Amino acid sequence: NFYVSLYDTPSPDSLGGYIEAIMLSQAVFTIQDMLGIQFDLLHFNDWQTALGPIYLKEIYRAKNWPLGRRPASIFTTHNLEYQGLFPGVIEIPFDGKLATYLASRSVLDQSNASYNYASGSLAVDIFRLTGLRPELQYGRNNEGMEFWSVYQGGYIGGRHNLMKGAFLYADKVLFVSNGHLRESLTVKRGYGLEGVLGQARDKLLAVPNGICAVRHHPKYLAAL
């Protein structure tokens, strides 16, 4: 049911897409444990792995790391328009086996009026699937992942932003060019995250995506 078709099945903004993001972010920690090793640096990319830097400092901060310290983390964003925005609750068609599993994980939002087996839908409190502190979901500004849950047009309960969390928790945040970095700090191209990025300016870096065609042109390389 997961990773069937990239950016399509499951849909990125669905419960399946959210679970994929959890699995991808957790994978690097599982791999280290299975191999009995520790990486010096963990590199996460885009919202699909944005929970990784958060897990590193929240879930694994007290881990007995083989090197005596936790790995460093960097997070690269390629497109700020895709941030991993999710509401607090996602409704899905009723499925008996899935309902049993979600109930065992305490992620069925029974306070939601749409939680009704007879209606054929389940209301899932998706953030509980992450295993993170609930305060992170509702923390505003630089205190958590809350993202415009209250706005001029209404209210989206529990709305949170995975990429915002990565910006707050990663040791360094990378952009694919100097122009990309500069634009991210503007209202027009920050897409609501320019304030968070502005306050984290000291850990923002630009690493060009690809090579400098002039500098690396064979005509200018003495070795060739």
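Predicted model: local features only at pLDDT ≥ 70, side-chain atom pairs only at ≥ 80, totals over all residues.

User: Why are α1 and α2 described as oblique?

Analyst: The axes of α1 (residues 15–35) and α2 (residues 51–58), lines fitted to C-alpha atoms over the stretch in contact, with angles from 0 to 180 degrees between N-to-C directions, come within 8 Å and cross at roughly 50°. Under 35 degrees would be roughly parallel, over 145 roughly antiparallel and 65 to 115 roughly perpendicular, with the rest oblique, and therefore α1 is oblique to α2.

User: Which residues meet where α1 touches α2, and what classes do they belong to?

Analyst: On the α1 side, Ala21, Ile22, Ser25, Gln26 and Phe29 are in contact (heavy atoms within 4.5 Å) with Leu51, Gly52, Tyr55 and Leu56 of α2. By class, this contact of α1 with α2 has 6 nonpolar, 3 polar and no charged residues, where Ala, Val, Leu, Ile, Met, Phe, Trp, Tyr, Cys and Pro count as nonpolar, Asp, Glu, Lys and Arg as charged, and the others, Gly among them, as polar.

User: What makes α2 and α5 oblique to each other?

Analyst: The axes of α2 and α5 (residues 162–169) come within 7 Å and cross at roughly 50°, and α2 and α5 are therefore oblique to each other. Their crossing is left-handed. In α2, Leu51, Pro53, Ile54, Lys57 and Glu58 meet Leu162, Gly165, Ala166 and Tyr169 in α5, and the residues of this contact divide into 6 nonpolar, 1 polar and 2 charged.

User: How do you know whether Leu181 is buried or exposed?

Analyst: Buried means under 20% relative accessible area, exposed over 50%, and partly exposed in between, with a 1.4 Å probe and protein chains only. Leu181 has 5% relative accessibility and therefore counts as buried. Leu181 is found in α6 (residues 178–184), and, leaving aside its neighbours within four places in sequence, Leu181 is in contact with Phe175, Arg201, Leu204, Leu205 and Ala206. Leu181 and Thr77 are 104 residues apart in sequence and 9.8 Å apart in space, C-alpha to C-alpha.

User: What is the phi of Asp46, and why does this residue count as buried?

Analyst: Asp46 has a positive phi of about 60° although it is not a glycine, and Asp46 sits in the loop between β1 (41–45) and α2. Asp46 counts as buried because its relative accessibility is 18%.

User: Why does Tyr191 count as partly exposed?

Analyst: Tyr191 has 29% relative accessibility, and so Tyr191 counts as partly exposed. Tyr191 lies in the loop between α7 (187–190) and α8 (194–199), and its phi is near 50°, a positive value in a residue other than glycine.

User: How many helices and strands does the chain have, and how much of the chain counts as buried?

Analyst: The chain has 8 helices and 10 strands, which are DSSP runs numbered from the N terminus, helices being H or I of at least four residues and strands E of at least two. Of the 224 residues of the chain, 42% count as buried.

Conventions
Residues numbered from 1 in each chain as written. Heavy atoms only, no water. Left-handed = near helix turned anticlockwise from the far one by under 90°.
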